Amino acid sequence: MVLAACDLTGVVSMRLNNGQTVTLRAAGGHRVKVRLEVNAKARRLIIRLDERRREAVAVAPTSRQIDAAAAFAAERVDWISSRLQHLPEVTLFEDGQTIKYRGEDCLISLDGEGRTARIHAGEPRILSVPGDPETTEARVVRFMKKQAKADLTKTVTRHCETLRVSFKGISVKDTRSRWGSCTADGQLAFSWRLIMAPPAVLDYVAAHECAHLKEMNHSAKFWAHVARCCPDWQRQRAWLRLHGTELQAAGE
């Protein structure tokens, strides 16, 4: 379905559902895909970008507000269109492709012995993933997740010692809306894509979530805890805000 940006009456009169994708028409005739989602944790209507699917997501706090979320997106369709057009190109995990690993270039190669993915030093570094080309993507992701889990476990342990707190567990996921999370019972979760960022950025995100083990908010006390673990956290946060879309655009 295509909804004209100016026809908000038509938007809210339609019956829309959670998970449905609508197409809005921006200036110049550009068509913009917007997925509608309900998230009970959202406090208001929000628009976020799904970099990998190259579409926008209109989030509503309740199912009753799905129509309002569609109208909210329609009112901002030109801004959404501009942001989507400026997204970085998708970097596929395939033979001969250069990706980022711990902030540096790394060339994917199918050459090598055995079936275990390995990093080889050089200029650039090489990630050897010998095997079936059709499974290269899955094997690269599996390798990156393993390395991310190892780096984050080491970093989280160090920060928890600094703050004198403990965590229950660490998991790595392919999250799109946040780089890390912390539950009240001490479970920490992170995006595996942090392994592509410079180590200092991963360190900051780990410090951020460890600080939540002491303060489940973003108060002055919370940021003081972050600063104890990562004194230059503001610079690392700025890097992530600037380059985060590039990390999200890697892989399918």
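User: Why are H5 and H7 called roughly perpendicular to each other?

Analyst: In this predicted model, helix H5 (residues 199-212) packs against helix H7 (residues 233-248) at an angle of about 105°, and their axes are 9 Å apart. Angles of 65 to 115 degrees count as roughly perpendicular, and H5 and H7 are therefore described in that way.

User: What makes the contact between H5 and H7, and how do its residues divide into nonpolar, polar and charged?

Analyst: From H5 come Ala200, Val201, Tyr204 and Val205, while H7 provides Trp233, Gln236, Arg237, Trp239 and Leu240. These residues divide into 7 nonpolar, 1 polar and 1 charged.

User: Which strands are called edge strands in the open sheet, and why?

Analyst: The sheet has 3 strands in the order E10-E12-E11, with mixed pairing. Strand E10 (169-173) and strand E11 (180-182) are its edge strands, as each pairs on one side only. On average, neighbouring strands are turned by 15° against each other, direction ignored.

User: How do you know that E10 and E12 pair?

Analyst: Pairing requires at least two bridges between two strands. E10 and strand E12 (residues 187-191) have 5 bridges, in the parallel sense, and therefore they meet this requirement. As one example, Ser171 has Ala189 in E12 as its bridge partner.

User: Where does helix H4 lie?

Analyst: Helix H4 (residues 136-163) lies across E10 and E12 and runs at about 145° to E10.

Key:
Residues are numbered from 1 along each chain as its sequence is written. This is a predicted model: local features need pLDDT of at least 70, side-chain atom pairs count only at pLDDT 80 or more; totals for chains, interfaces and linings use all residues. Side-chain values use heavy atoms; hydrogens and water are left out. Axes are lines fitted to C-alpha atoms, for helices over the stretch in contact, and angles run from 0 to 180 degrees between N-to-C directions. Helices (H or I, at least four residues) and strands (E, at least two) are DSSP runs, numbered from the N terminus. Angles under 35 degrees count as roughly parallel, over 145 as roughly antiparallel, 65 to 115 as roughly perpendicular and the rest as oblique. Contact means heavy atoms within 4.5 Å. Ala, Val, Leu, Ile, Met, Phe, Trp, Tyr, Cys and Pro count as nonpolar, Asp, Glu, Lys and Arg as charged, and the others, Gly among them, as polar.
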